[in-house]
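Thanks for coming. I will show one structure and then go through how its parts pack together.

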Amino acid sequence: MKTKGLLLMLLAGAATPGFAAHVEEVASGERITTPYVSLSVPAGAGWQVQRRSDTAIALARGEADNSFAVAALLSRMGAADSPEEYEALIEQAVAKDGDPANPDRYKLLEQSVKYSNERPYPCVRYTATSEDRAARGATVPLLLELYGLYCRHPADPSIGVTIMYSHRGVTRLPHLAEDAEAYLRDVVLTTP
């Protein structure tokens, strides 16, 4: 599950000159649906589709020192027979995530991985804050805040779905948790 890596690529793209020329802009509230997932574009102007396929939706907006990315991504997921094993599976996956070309780029400041019963299928809530020491276009280290759910897809338990909302900027955003929660609640896993 290379979730953080994809989100970081999206955040970097949001800060790249010419970014808007190669992507589709979407309006806040617009619904995007694939055979496996459906979501609404979060609040705010300037969201752009970075990736859209049957197995992935990824959007980004912003500039080098203040950018956002959201995603709903499907991937194969290993077995876990209990909530504790599922938490451990996710912890192992996110521990491998990052920038292979620059392993010292991110300094993890805080992280939480907790099993959740909020949906009728197994999910793990994930939050993390890291320092990004090499953000493209930034002149200072930036904070990367991630909020997400890792769930088993109800159509096939061997499929994992990563649902993420992230912000990268100079400071923390006081309303980010509420914005992320609204996005996470809105994502619906569908059966083709």
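**Helix H2 and the sheet**

The buried residues of helix H2 pack against strands E7, E8 and E9. This is a predicted model, in which local features need pLDDT of at least 70, side-chain atom pairs count only at pLDDT 80 or more, and totals for chains, interfaces and linings use all residues. Residues are numbered from 1 along each chain as its sequence is written, and side-chain values use heavy atoms, with hydrogens and water left out.

Some terms. Helices (H or I, at least four residues) and strands (E, at least two) are DSSP runs, numbered from the N terminus. Contact is heavy atoms within 4.5 Å. Buried is under 20% relative accessible area, exposed is over 50%, and partly exposed is in between, with a 1.4 Å probe and protein chains only.

Which residues of H2 are buried? They are Tyr86, Leu89, Ile90, Ala93 and Val94. Seen down the axis of H2, these buried residues fall within an arc of 125°, so they line one face of the helix; the arc is that of the directions from the helix axis to the C-beta atoms. On the other side of H2, Glu84, Gln92, Ala95 and Lys96 are exposed. After H2 comes Gly98, with a positive phi near 150°.

Now the sheet. It is open and has 8 strands, in the order E1-E4-E5-E6-E10-E9-E8-E7, with antiparallel pairing; two strands pair if DSSP finds at least two bridges between them. Its edge strands, each pairing on one side only, are E1 (24-25) and E7 (106-116). E1 pairs with E4 (residues 48-53) over 2 bridges, and Glu24 stands opposite Val49 in E4. The hairpin from E7 to E8 goes through 6 residues.

Last, the cores. A nonpolar core is a set of buried Ala, Val, Leu, Ile, Met, Phe, Trp, Tyr and Cys residues joined through side-chain atoms within 4.5 Å. The largest has 27 residues, of which Leu39, Leu59, Ile163, Tyr183 and Leu189 touch the most other members. At least two residues of this core come from each of E3 (37-40), E5 (56-63), E6, E9, E10 and H3. Apart from that core lies another, of 15 residues, including Met77, Val94, Val124 and Leu146. Val94 is also one of the buried residues of H2.
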